[in-house]
Amino acid sequence: MKKLVLLLTILALTFNVNKLQSKSVMKSLADIGDVVTEEIKVSGNCGMCKDRIEKAVKAIKGVDSASWDSKTKMLIVSYDKTIVKSEEIHQAIAAAGHDTEIAKASNKTYNKLHGCCKYRQ
Ligand SMILES: [Cu+2]
């Protein structure tokens, strides 16, 4: 019985930690119905990066708009949360060669980036 209580406590704690983490990742700016707007920090340098990042994100079904700023490195993306999850957007950005705070591009993908787009030191 004690073991069961301990197990349930661990499960409850784990669940709460997960909830807190996803809350901090999903910084919702304004929620209108099912469409949410989120700011995601994305590594990159230039206009080519901007095109690549925005193209990758806009290609996802459920994404309404995406705009990345090369100075602030922030991507502002609006999407229908019933169709696409924040994590999928992070994964698509990483697959295009750009790091976010929760998804990193593979070395293979990163190495294929144009010289001026290489943002890792
Ligand atoms: Cu670039």
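**Reading salt bridges and a copper site**

Modeller: Glu54 is buried, at a relative accessible area of 10%. The model is predicted: local features need pLDDT of at least 70 and side-chain atom pairs 80 or more, while totals for chains, interfaces and linings use all residues. Numbering runs from 1 along each chain as its sequence is written, and side-chain values use heavy atoms, leaving out hydrogens and water.

Biologist: What does buried mean here?

Modeller: Buried is under 20% relative accessible area, exposed over 50%, and partly exposed in between, with a 1.4 Å probe and protein chains only. Of the 121 residues in the protein, 33% are buried.

Biologist: Which side chain does Glu54 meet in a salt bridge?

Modeller: Side chains of opposite charge can pair when their charged atoms come close. A salt bridge puts a side-chain nitrogen of Lys or Arg within 4 Å of a carboxyl oxygen of Asp or Glu. Glu54 pairs with Lys50 at 2.7 Å, N to O. Lys50 is partly exposed at 29%. Both residues belong to helix 2 (residues 47-58), four residues apart; a helix is a DSSP run of H or I, at least four residues, numbered from the N terminus.

Biologist: How many salt bridges does the whole structure have?

Modeller: Two. Asp99 also pairs with Arg120, with the closest N and O atoms 2.8 Å apart. Asp99 lies in the loop between helix 3 (86-95) and helix 4 (107-111), and Arg120 in the segment after helix 4, so the pair ties together parts 21 residues apart in sequence.

Biologist: Which residues coordinate the copper ion?

Modeller: Donors are N, O and S atoms within 2.8 Å of the metal (3.2 Å for Na, K and Ca); water is not among the atoms, so sites may look incomplete. Here the SG atoms of Cys46, Cys49 and Cys117 coordinate copper at 2.1 to 2.3 Å. Their spacing is C-x2-C-x67-C.

Conventions: Helices (H or I, at least four residues) and strands (E, at least two) are DSSP runs, numbered from the N terminus.
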